[in-house]
Amino acid sequence: MSGYTSVTDGERAEMLATIGASSIDELFDVPAGVRLDRDLDLPDGLSEAEVYERMRALAGRNADAESEICFLGAGMYDHYAPAIVDAIVSRSEFLTPYTPYQPEISQGGLQAMFEFQTAMSELTGLPLSSAGLYEGPSTVASAGYLAIGATKRRRFVVSAGVNPQSRETLATYSAGYPAEVAGVGLSGGRTDLDALAAAVDDQTAAVFVQYPNFLGAVEDLEAIAEIAHDAGALLVAACDPIALGILRTPGDCGVDIAVGEGQPLGNRLDYGGPSFGFFCATEAQIRRMPGRIAGETTDVDGRRGFVLALQTREQHIRREKATHNICTAQALNALGGMIYLSWLGRRGLVELGELLVRRTHYARERLTAIDGIEALHDAPIVREFAIRFDAPVERVLDHCAAAGIAAGVPLGDEYGNGLLVAITEQRTIAQIDRLAEVLEEDLRRTADSREQTAGAAT
Amino acid sequence: MSEFVNPPATAEVPTPMQRDRATTIFERSVPGRRAAAIPASGVPGGDVPIDELIPAELLRDEPARLPEVSEPEIVRHYTRLSRRNFDLDSGIYPLGSCTMKHNPRLNERVAALPGHARLHPAQAPARAQGALELIWLLERSLSEICGLPHVSLQPSAGSHGELAGLLLTRAFHAAHGEAEQRTRVLTPDTAHGTNPASVTMAGYEVVKVATNEEGGVDLDDLRAKTDERVACLMLTNPNTLGLFDRNIAEITDTVRAAGGTLYYDGANLNAIMGHSRPGDMGFDIVHVNLHKSFSQPHGGGGPGAGPIAVSDRIEPYLPVPRIERVEAGTGNGDAPEARFELRGADDHPDSIGRLRGFQGNFGVFVRSYAYILSLGGDGLAEASETAVLNANYLLARMREGRAGKYLPVAFDRRPMHEFVLSGSGAKRELGVKTLDIAKRLLDHNMHPPTVYFPLLVDEALMIEPTETETRESLDGFADAVEAILAEAESDPEIARQAPYTTPVRRLDEAGAARSPVVRQQLG
């Protein structure tokens, strides 16, 4: 008997007697042909201490952001999450309930969703917010689904500034919708506006950009919105929620749908999940929004209360006519995000954003001052930037790793084999200097050996 | 029913929690208060104005109106909110098809290890070998449990797994030149709402299949609708009535013979672990809800994860990235070491592609793998046995007394891990609807069952106690339902006006739908 069940042999016999069955086997009304006639080929169960040790050993084989200096980003960032996030989201009352289908006993979770929606609406400058979707890239694909419903068109135009993982996810989903996906390149690190204007047509449901984009550059959303709207298309912006603390809001720039990855808001890295996705839109989309939405109402005695609103959009009511198939609200992760935003507060979010801008500019200048390193672009940046150097990226990364630094995310062929470097408030000036020294040392050695090789050849 | 005391049936004197009007964190805000201290930039030479680094026209005019609150205020606020939630650690939570089993705290501890929680997802695979091995080990475990050879952990939830399965189906048919011809997906009328919603998102048309008298798929109806236009059959087995389909082999044979794929919705896998396997039933694709059968906490509505296991014929199309275990012999006769690698579309050109960012909900994988290690193969089989025992015991209790009289079993067969009652008798004879019974259960400090689902049962109550409930707690639930029905015999208004003791009473959901207020207006 596992410690997670409590039926003793005596109780089992009594319960079977109440049921009127002679054995557990008799309870399994399963055809003989599909019964498994052997034990599962899995190891025997372990004690709690043994499981802990096994898991600790696995975890010990990962180079995490506690054991090295982490400049990795590309959607998820090593921000400091305050202790109150863990303390609150670990409470049984938040950790263990199901979706709040019984609002009278779920007011805590529902009110947290309502607060979250308010906060995300403030960040994006858009009036509507879902309670939370799976994660970042899938919100991009979900925005495409809404755009098809809203425009009755089936073509997407996607900037190369959108994270490749988001673009791939949109393409995967589009095979089903179905929808055609066309790409537009970058110019000077930002979406090529002329190419965009040429690519958008009267069959385009939505234009997709990222803010700041995958290479860290802040796009001119207003100009892009004009191009999209002139063709009757929606503009979807995948946004970094921390950067939204200081940048002009997507809503202010004319964006119709702002989505994104919520991990930077107080969520763990967790090797990629779970986190939450956010989805905000203009008032016009209220009946097309995906996912749970909490709404304010009153009870029979006139007390303020919260419920799941607009449920007639959802799969459990509307079935094949639902606006989306999603059930989860990533509620616990979104709650973590809301606690984090409360912790930062009105001024803290701005101070954090400005800190990132300053250190990121320092880092870009410090790194590009090194002989052999150049910036991939010089567009405005907030917390991430791209560089290029004349040495194999993987080898340089190995060298940095040996020095205890995860130097960045390698950029593929599409972006000229550069390196994407991310800064958080946990990356100090001393750590940035250390990264510069290690990179410089490795590149100088490369240059030296190249000269030696060249010398030997002549 | 000794010493059973009914909860209050009046709200004349509000409880302390009812008197405490809901206040949002924004309403607690006082300008100037704060919790976080942001460090100085430390940039040599001091800070320049921010608009010298970013053009002013790209910057916000005003800060986002986030709350201004101190740390103790945040903690008090969310602690207060937490007390306005009912949770699994407070009592029985028999929500049908949701598998509200105990959430072991060991799993939380191991998920929080820095090597898991602070591992960046873009870390080079060579430096994340422990994580990749854990993913591989969980894949292999789920493969054995499902009886299907290949697994992808990528889908973020059951609904995401369904969409993945349908996109895999589309890719499979396209590879066989039948993409245009196969446009329909069969789903029984007992299916979860996600099934038809996923079908539409994947660009297919839903065709409903009827349920027969014993609660299974109507074979005649299935045969009539199965032809060369069918892309896939999506089936939950045991189904949402808690019944294992006696004709499962005929069902899968029928669809397979017509060229369709077979999708198994694993929402009810908790009934059959170690006893029966979807692969052995003839299915091609299964999704597993790690937040149901494998103990990931539900979190008040996520996170979860919805891995898929598939057959050989579906394997080429699995989403990327995929984990590969590469044997790396040491060359001197020692036991071979292995390394784990991430493979993308270059290595899997027929893949449907990526479904989300990075490698999936790894933190959920950690918890579920810890759960599998804790229970082992025997323990998983025993968990299912006890889940089925508890459901059958509770059903036996619900056949007694007033429940037996007013809440008949919908399809009277031996159920697996859950069962469905119809509240039609209580509605007709007592004037008390299923909703009223559910709301009165709240006063008993119990979570109600799933209500009004499946749709084909009038006034449905869908009850899944799970294996982690004690017999006492099952008896307590049966006693509470008996007491509610007894009350209703003498005064049906008690249930109709319930609940009385919860932080708020019945809420105006219709008003919230008519003129939705979905965010706070900030001054």
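This is a predicted model: local features need pLDDT of at least 70, side-chain atom pairs count only at pLDDT 80 or more; totals for chains, interfaces and linings use all residues.
This is a short talk on some backbone features of a two-chain model.

Hi everyone, thanks for coming. As background, most peptide bonds are trans, and most residues other than glycine have a negative phi.

Let's begin with chain A. The bond joining A:Tyr177 and A:Pro178 is cis, with omega at about -10 degrees. If you want to find A:Pro178 on your screen, look in the loop between α8 (164-174) and β4 (180-184) of chain A.

Over in chain B, the peptide bond from B:Asn237 to B:Pro238 is cis too, and omega there is near -5 degrees. B:Pro238 sits in the loop that runs between β4 (230-236) and α9 (248-257) of chain B.

Now for phi. Back in chain A, A:Tyr271 is a residue other than glycine with a positive phi, near 55 degrees. Its place is the loop between β9 (257-261) and β10 (277-281) of chain A. Is A:Tyr271 buried or exposed? A:Tyr271 is buried, because 31 other C-beta atoms lie within 10 Å, and the cut-off for buried is 20 or more.

Chain B has a tyrosine to look at as well: B:Tyr452 has a positive phi, near 60 degrees. You'll find B:Tyr452 in the loop between β11 (450-451) and β12 (460-463) of chain B. As for its surroundings, B:Tyr452 has 17 C-beta neighbours inside 10 Å, so it counts as partly exposed.

That's my tour, folks. Happy to go back to any of these spots on the screen.

Methods
Residues are numbered from 1 along each chain as its sequence is written. Chains are lettered from A and ligands numbered from 1 in the order in which they are written. Helices (H or I, at least four residues) and strands (E, at least two) are DSSP runs, numbered from the N terminus. A residue is buried if 20 or more other C-beta atoms lie within 10 Å of its own, exposed if 12 or fewer, and partly exposed in between; C-beta atoms are placed from the backbone.
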